[in-house]
Amino acid sequence: MNEAKYIWMDGEFVPWNDAKVHVLTHTLHYGNGAFEGTRAYPTKKGLAIFRLQEHTKRLLNSAKILKLDVPFTQKELEDAQIELLRKNEFKDNVYIRPLVFLGYGKMGLYHIGAPVHVSIAAWEWGAYLGEEGLEKGIRVKVSSIVRNPVKSTFGKAKAVANYLNSQMAKYEAIECGYEEALMLDDEGFVAEGSGECVFIVRDGVLITPPNDNSLESITQATVIELAKDRGIPVERRRITRDEVYIADEAFFTGTAAEITPIREVDGRVIGNGARGEITKELQDAYFDVVYGRDKNYEHYLTYI
Ligand code: PPE
């Protein structure tokens, strides 16, 4: 773990090693919490947080869905993230992890009345699926674990509890010798990765499923915007597992995963088994945006 100097906890900057909770922390037992994952990149004008407002809004929306009353405003949470990055004096790519959780003081499932806490940690975090993965692509397994169905879970929330499913899918994929899992929805259509949305390319058309069975991904939305800007046609529709097998290109998107090409799925080589052309174009475009090299997208950056 890349430790940093401070973690923000309920309005205070606490030394990294003192950011602790009680073992009877409600969220630890019953899994009701909401989190975010946001990245900041070094630019010519210093460190810049990518789409801070959208990520912070999604955190508050997640909390609303989960009936967690956050005792901070959006502005306060944005300022806390900016200040945290300043205080930690980061030099490299940074991952920011805000968490809304229920603390100590009340046990039992009825969570109303349990104290709501917010913590924000940040640390330097490189390529999520490896530097080599970013360049050469990764090997993926369709998971035996179904993505949390909308009938019984809250897919619009980045809820702590949603990630048990993702964890098991990821574990299974790695145990089977792959690098990442691709989960299907409860009807058998392609949903998302354990922590990423998925795209395929067929005959020059970029295709990604609607967010009925995937997180409303900020990276996915950015990639769609970048593609449209470049005149690449985009379709949002359901994808079947076998359609991924015969795609010309495929890739994952996520804050942590950025744009990671997929070179193989269930033993089927995707396209020519390397990072595809459109994937490369969008990956380059994405990195230009987050590293502050594309003037047209500077409005997505918050310089700290
Ligand atoms: N689907 C899931 C299930 C998901 O967890 C993420 C982000 C996405 C899609 C992409 O969303 P966005 O980051 O807004 O483009 N996953 C986060 C957690 C990764 C982790 O291991 O922790 C992330 O990328 O930050």
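Modeller: An oxygen atom of the ligand lies 2.5 Å from an N or O atom in the side chain of Tyr-163. A polar contact is a pair of N or O atoms within 3.5 Å; within protein, one must be able to donate a hydrogen and the other to accept it, and residues adjacent in sequence count only if both atoms are side-chain atoms. This is a predicted model, in which local features need pLDDT of at least 70 and side-chain atom pairs count only at pLDDT 80 or more, while totals for chains, interfaces and linings use all residues. Residues are numbered from 1 along each chain as its sequence is written, and side-chain values use heavy atoms, with hydrogens and water left out.

Colleague: Which polar side-chain atom lies 2.6 Å from a nitrogen atom of the ligand?

Modeller: That atom belongs to Glu-192. Of the 550 Å² of accessible area that the ligand has on its own, the protein covers 92% (Shrake-Rupley method, 1.4 Å probe; for residues, only the protein chains shown count as cover).

Colleague: How many residues surround the ligand?

Modeller: A residue is near a molecule or strand if one of its heavy atoms lies within 4 Å of it. Here 20 residues surround the ligand, and the closest are Tyr-95, Tyr-128, Tyr-163, Thr-219 and Thr-255.

Colleague: How many aromatic pairs does a search of the whole structure find?

Modeller: Rings of Phe, Tyr and Trp (its six-membered ring) pair if their centres lie within 6.5 Å; planes under 30 degrees apart count as stacked, over 60 as edge-to-face and the rest as tilted. The search finds 13 such pairs. The rings of Tyr-95 and Trp-123 have centres 5.5 Å apart and planes at 50 degrees, so this pair is tilted. It links distant parts of the chain, 28 residues apart: Tyr-95 is in strand β6 (residues 94-102) and Trp-123 in strand β7 (residues 116-124). Helices (H or I, at least four residues) and strands (E, at least two) are DSSP runs, numbered from the N terminus.

Colleague: Is Trp-123 buried or exposed?

Modeller: Buried means under 20% relative accessible area, exposed over 50%, and partly exposed in between (1.4 Å probe, protein chains only). Trp-123 has 12% relative accessibility and therefore counts as buried. Trp-123 also forms a tilted pair with Trp-125, at 5.6 Å centre to centre and 50 degrees between the planes. Trp-125, at 31%, counts as partly exposed.

Colleague: Where does the charged end of Arg-51 sit?

Modeller: A charge sits over a ring if NZ of Lys or CZ of Arg is within 6 Å of the ring centre and within 35 degrees of the ring normal. The charged end of Arg-51 sits over the ring of Tyr-300, 3.8 Å from its centre. Tyr-300 is one of the residues of an aromatic cluster that also includes Tyr-41 and Phe-50. Arg-238 lies over the face of Phe-189, likewise at 3.8 Å from the ring centre.

Colleague: What is the phi of Asp-10?

Modeller: Most residues other than glycine have a negative phi. Asp-10, although not a glycine, has a positive phi of about 50 degrees. Asp-10 is placed in the loop between β1 (6-9) and β2 (12-15), and is partly exposed at 32% relative accessible area.
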